Amino acid sequence: MDDEKLVRLLRKKKEEALEALVEKYSAYVSTVARNVAGGTLGNSDIEEITADVFITVWKKSSELCADTLRSYLAVIARNISIDRLRKLHYTVPIDELEIDDSSDVESNTDQRLIADEFNSVINEMSQRDRELLLRYYFYYQKIPQIAAEMSISESSCKTGLFRARNRLKEKLIERGYGYE
Amino acid sequence: MSKNLYDLFSEYRGELPEIKEEKCDSERIKQLVRQQTSEKKNIKVRRNPKMFIISIAAALTAVTSITAAAYSDNFGGFKKVLRRTEASPAVNSELPLVNGSDTDGMEDNISVDSVAFTGSDSVSVKTAGMYYDNNTFMLSVEMKVSDGISIRDDAVVIPYFTKYNGDTAVEMRDQSGAANAAKLVKGDDFQTYYATFYITEKDIAGSTIGVRLENIIPRAALTDCQTAIVAEQNKWHEEFGTDSSIEDWKAYWKENDLDKRTLDFMDSYYRDCDKIVEGSWTAEVEVPADIADTSTFENNGFRVKADTLSITVDAERDIPEGASYEPVITLKNGDVIFTTGTKETEWLKENGVFTSEDKHENFASIYSNVFSYSKPHDVNDIAEVSMYIFNYDGSELTVEKNLVYTAD
């Protein structure tokens, strides 16, 4: 079943569409969850997280869009996995580099602006830089994994990631965000 | 404020690269999904309205380490156990004591006296704390396993509760074995585990609650048991004749007490399934007669509780057997609180009771007859509470609106 049909049926709350969604995307969603967990969670926890992702999508089916279904699943899988790890007091990886902005932490508008700005910066980057950063920071893939999947050496991967991060830093500074 | 790159990338909404997918057990995931969606859908009045049991355990997932000091027999220690034995934000917000509500003056509703269980030597069990009000009983237990026994991360324990009031004994259970079990949460050593059970039951004050914990089993057995029950019930239906009317089948169910047969089947399944630790542990705990009522609002079968952020539907209302119901709460600011994703609320939408455009807030979680908000609501903010009762007699659906509460 293609995504367009899936979304149409999910919006109508057709249970067969939910089953088809699980069938089509459970491997993808559980892979995202497993990457984020980085080996700290067992199979049963990963399965529970994966199931929770589909339940969340089911509840929010009115918000679904066929073009972004896969990304939407990944975002939810990532968020649920991080929440689960934090709840279990496992350390979620943090980067040594942090951006610093002077916005008010309480302001949703400021948060939205930062998010929009960040998406725009990422979209301006080269495809290779973007892929490296997304694999590392979004999917939580490790260097050997990224290297294997992009068919590059680990050293090229490390260098590429280092350069991509510097270019990201420059772009963020240009837009008024400090970088520590 | 500062954000690290991982946080920033959580804001990313664009196209993502393809990644190499690892195999997973999609059938198992489907089972888990089905289990959760059917829990939400089958919100029905119990055949025996006296029997309510709600457990936070079905979704309990936490396996964490807690310092030994946190488990001292005191109020703070009990709260810490509760925080760590919760499962998800939705369930957590439903629990008294752990949802950030003001707990001053709630000491009357809490006991941290340690009650020892008797039973199999393999595990020693004692209470870690109790919370009770007029219709809620929450119990945390500490389980210490003997040397040489190893508990897996997916271990759950099955509880059985009986309420004794004078000569009356009411077994508090339903047919959802999964909902009754609690996951064991690891303490700071390899021998100590904790579990929390949460029950709603009317007239709990002054009663004695008999608690029996039976066997530590893998979580997967719960889902397997549900699947086996469905298959068994389908077999009974086939034996009866699937061509017969729904009414005949319901009458047959009642006459032959298939509720009890289902419970017997479930008990037998759990008795025979693979176990992590085999054993049985029992205790009796007293609930004081003069416990404080923490309800903030009670009217016509609805009880709104700010401390548990929940609304409780009294199943003894005049609801036909087999009917399902959906409460709909309209706030004074026009927001509507209802459940999305159920056939009932879809019907309400299709029939113009509210529309997709209405600003709405979902109930965060639904456990049997307790509907939990995702955030606290002051009773004074509520304009109207309606109960929609859906009765399908096999050929025709009738929907009745009962106005439960309306602001002056």
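This is a chat about a predicted model and what its atoms show.

Colleague: Ground rules before we start?

Modeller: The model is predicted, so local features need pLDDT of at least 70 and side-chain atom pairs count only at pLDDT 80 or more, while totals for chains, interfaces and linings use all residues. Residues are numbered from 1 along each chain as its sequence is written, chains are lettered from A and ligands numbered from 1 in the order in which they are written, and side-chain values use heavy atoms, with hydrogens and water left out.

Colleague: How many helices and strands are there in chain A?

Modeller: Chain A has 8 helices and 2 strands. Helices (H or I, at least four residues) and strands (E, at least two) are DSSP runs, numbered from the N terminus. From that end, the order is α-α-α-α-β-α-α-α-α-β.

Colleague: What share of chain A do buried residues make up?

Modeller: They make up 49% of its 180 residues. Buried means under 20% relative accessible area, exposed means over 50%, and partly exposed is in between (1.4 Å probe, protein chains only).

Colleague: And where does A:Arg8 lie?

Modeller: A:Arg8 lies in helix α1 (residues 3-11) of chain A. It counts as partly exposed, because its relative accessibility is 43%. A:Leu64 is 56 residues away from A:Arg8 in sequence, yet the two are 8.8 Å apart in space, C-alpha to C-alpha.

Colleague: Now the core. Which residues touch the most other members of the largest nonpolar core?

Modeller: A:Leu21, A:Tyr25, A:Phe54, A:Leu73, A:Phe138, A:Leu168 and B:Phe9 do, out of 65 residues in that core. Helix α2(A) gives the most to this core, with 11 residues. The core also draws at least three residues from each of domain 1 (3-87) and domain 2 (99-179) of chain A. Those domain bounds come from an automatic or database domain assignment.

Colleague: What counts as a nonpolar core?

Modeller: A set of buried Ala, Val, Leu, Ile, Met, Phe, Trp, Tyr and Cys residues joined through side-chain atoms within 4.5 Å. In soluble globular proteins, nonpolar side chains tend to be buried together.

Colleague: On to rings. How many aromatic pairs are there over all chains?

Modeller: A search of the whole structure finds 10. Rings of Phe, Tyr and Trp (its six-membered ring) pair if their centres lie within 6.5 Å; planes under 30 degrees apart count as stacked, over 60 as edge-to-face and the rest as tilted. One of the pairs is A:Tyr28 with A:Tyr139, edge-to-face, at 6.4 Å centre to centre and 85° between the planes.

Colleague: Why does that pair tie together parts 111 residues apart in sequence?

Modeller: A:Tyr28 lies in helix α2 (residues 15-37) of chain A and A:Tyr139 in the loop between α6 (127-138) and α7 (143-150) of chain A, so the pair ties together parts that are 111 residues apart in sequence. Both A:Tyr28 and A:Tyr139 are buried.

Colleague: What about A:Phe118 and B:Phe9?

Modeller: They form an edge-to-face pair, 5.0 Å centre to centre with 85° between the planes. A:Phe118 is in helix α5 (residues 108-124) of chain A and B:Phe9 in helix α1 (residues 5-9) of chain B, so this pair joins two chains. A:Phe118 and B:Phe9 are buried.

Colleague: Which residue lies over the face of A:Phe138?

Modeller: A:Arg78 does, at 5.0 Å from the ring centre. A charge sits over a ring if NZ of Lys or CZ of Arg is within 6 Å of the ring centre and within 35 degrees of the ring normal. A:Phe138 also forms one aromatic cluster with A:Tyr25, A:Tyr28 and A:Tyr139. In chain B, B:Arg212 lies over the face of B:Tyr160, at 4.4 Å from the ring centre.

Colleague: Let's stay in chain B. Why is strand β4 largely enclosed?

Modeller: Strand β4 (residues 123-132) of chain B has 8 of its 10 residues buried, so the rest of the structure largely encloses it. It is joined by 9 bridges to strand β5 (residues 136-145) of chain B, and the two run antiparallel. Two strands pair if DSSP finds at least two bridges between them. B:Val125 stands opposite B:Met143 in β5(B).
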